[in-house]
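The following note sets out points for a colleague who is examining the complex. Please read it alongside the sequence and the coordinates.

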Amino acid sequence: MNYGTMLIKDIGAAAHAVSGNYSKNQVIDEIKTSGSRYGGTYMLRAEFISARLFLPADSIRTETEFKSLAERWKQETSKLSMVHKMAMHPAYQRIIGMGPKALPFIFRELATKGGHWLWALTAITGLDNVAKPEDNFKRATEAWVQWGRTHGYV
Amino acid sequence: MGSDARIRLRMSQADIDREFPNLSRSAYEKKSDEDNTYNCFAWAVDDGRTDNWWSPAQINGYYWPQNVPRGVLVEHFVHLYRSECGYEPCDNGEFEEGFEKLAIYVDSQNEVSHVARQKDRHNWTSKLGVLEDIDHINPFVLEPDYGPIRQFLKRPVKNA
C-alpha cells in the first residue's frame, strides 16, 4: 500500500479540513489507525493525503490567521490586568468573530499554555456554565479543557 | 539552572523591557516567573494572593466579591479593597510606620489599569499583567505605562 507522511498537530483540525470523498470521522479513524506518530507526523495512505490536499486551504488559512491574531493579542495585552480590555482588543474580537472554526485552536492553546480564553469560549459557544461561579481561574480553565476534550477539540 | 531556564529568564526580562520601555532597569527587580493565573489586583492583597485573577468581568473563573458592585472605576476598587481588606483612602504613598499602602492607577479612559502595593520603606511590589512580579523603588515609576496614580489607600499593618 502506498504510504506517505503528513504533519498533523491537531487531528480534529486536520480532519475538519478534509472534505470531498471522506467524512470527518473516516479521516480521524484513518489518522488514528494509520501508524506511529513521530513528533507530530503520521503515516497516512496516499489517497488521504491527496484528499487533504484537495481542500486543506481553509483550515490552514484558519490556523495561520488564528496564530497571527493570537500572537498579536498576547504581545499587545501582556501588561493588562483588566479582562474586558484584553477581550476588547481587535485581534481577540476577530478570533471571536471566526466562530466555531477557532475552537480547535483555542482549545489547543488553552490545554498547552493556559491563557485568557474564557471570554472567547463563552462568546463562541454561548455556554456560561461550563465553569462554575465558585471556580478560580485555574479550575475554570481545567473545566473548559475537559469540555473541549469531551467534545473532540482536545 | 538549565539552559532552558536561562533562556526563559532572558526572554522574560526582554518582555518587561519591551512592554515597559519607560521603566529603567535600575528602578525595579524581577521577583517571579510569568504567570497568567493571577493579576495585580489579587497580588495587592495581603502578602500577595496568587490563587485567582480578580476582575469585575462577569465570566465564571474570575473573582469578584459578591458584595462589591462590579465596575472599572476607582470608586469600585476603593469599595473592593475597603470591603475585602479594610483599606481606606489616604493622601499619599509616603511610608508610614505601622501602615501598608496601595496605589491605584487609571488609564486615559479613567478606568483602573493597575494596583501596586507598598512592601516596606524602600520597596513597592507589582504584578505586571500576565508577566512577572517586580519590586520597584516607588509607585511612580509605573505611571508612564499604566497612567497616573489616582488614589492611595492605607490600612494598619497586621499585628502592628
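1. Chain B contains four helices and seven strands, where helices (H or I, at least four residues) and strands (E, at least two) are DSSP runs numbered from the N terminus. Along the sequence, the pattern of chain B is α-β-α-α-β-β-β-β-β-α-β. Chain B is as compact as a globular protein of its length, because its radius of gyration is 16 Å, close to the 15 Å that the globule rule gives for 160 residues. The radius is taken over C-alpha atoms, and the rule is 2.2 Å times the number of residues to the power 0.38. The C-alpha trace of chain B spans about 45 × 40 × 35 Å along its principal axes.

2. This is a predicted model, in which local features need pLDDT of at least 70 and side-chain atom pairs count only at pLDDT 80 or more, while totals for chains, interfaces and linings use all residues. Residues are numbered from 1 along each chain as its sequence is written, chains are lettered from A and ligands numbered from 1 in the order in which they are written, and side-chain values use heavy atoms, with hydrogens and water left out.

3. The predictor assigns the complex an ipTM of 0.88 and a pTM of 0.78. For chain B, the mean pLDDT (the predictor's confidence in each residue, from 0 to 100) is 90, and 91% of the residues reach 70 or more. Residues 1-10 of chain B call for caution: their pLDDT stays under 50, and the model has five contacts for them beyond four places in sequence. A contact means heavy atoms within 4.5 Å.

4. In chain B, 52% of the 160 residues are buried; buried means under 20% relative accessible area, exposed over 50%, and partly exposed in between (1.4 Å probe, protein chains only). Of the contacts in chain B between residues at least 6 apart in sequence, 55% join residues at least 24 apart.

5. The accessible surface of chain B is about 7700 Å², and 45% of it belongs to carbon and sulfur atoms. Areas come from the Shrake-Rupley method with a 1.4 Å probe; for residues, only the protein chains shown count as cover.

6. Chain A has nine helices and three strands, and from the N terminus on its elements run β-α-α-β-β-α-α-α-α-α-α-α. Buried residues account for 49% of the 154 residues of chain A. Among contacts in chain A with a separation of 6 or more, 58% are between residues 24 or more positions apart. Chain A exposes about 7900 Å², with 53% supplied by carbon and sulfur atoms.

7. Is A:Thr77 buried or exposed? A:Thr77 belongs to helix 4 (residues 57-77) of chain A, and it counts as buried because its relative accessible area is 3%. Leaving aside residues up to four places away in sequence, A:Thr77 touches A:Met86 and A:His89.

8. A:Thr112 lies in helix 7 (residues 103-113) of chain A and counts as exposed because its relative accessible area is 59%. Its C-alpha atom is separated by 9.8 Å from that of A:Val145, 33 residues apart along the chain. The buried residues of helix 7 in chain A include A:Leu103, A:Phe105, A:Phe107 and A:Leu110. Just after this helix, A:Gly114 adopts a positive phi of about 70 degrees.
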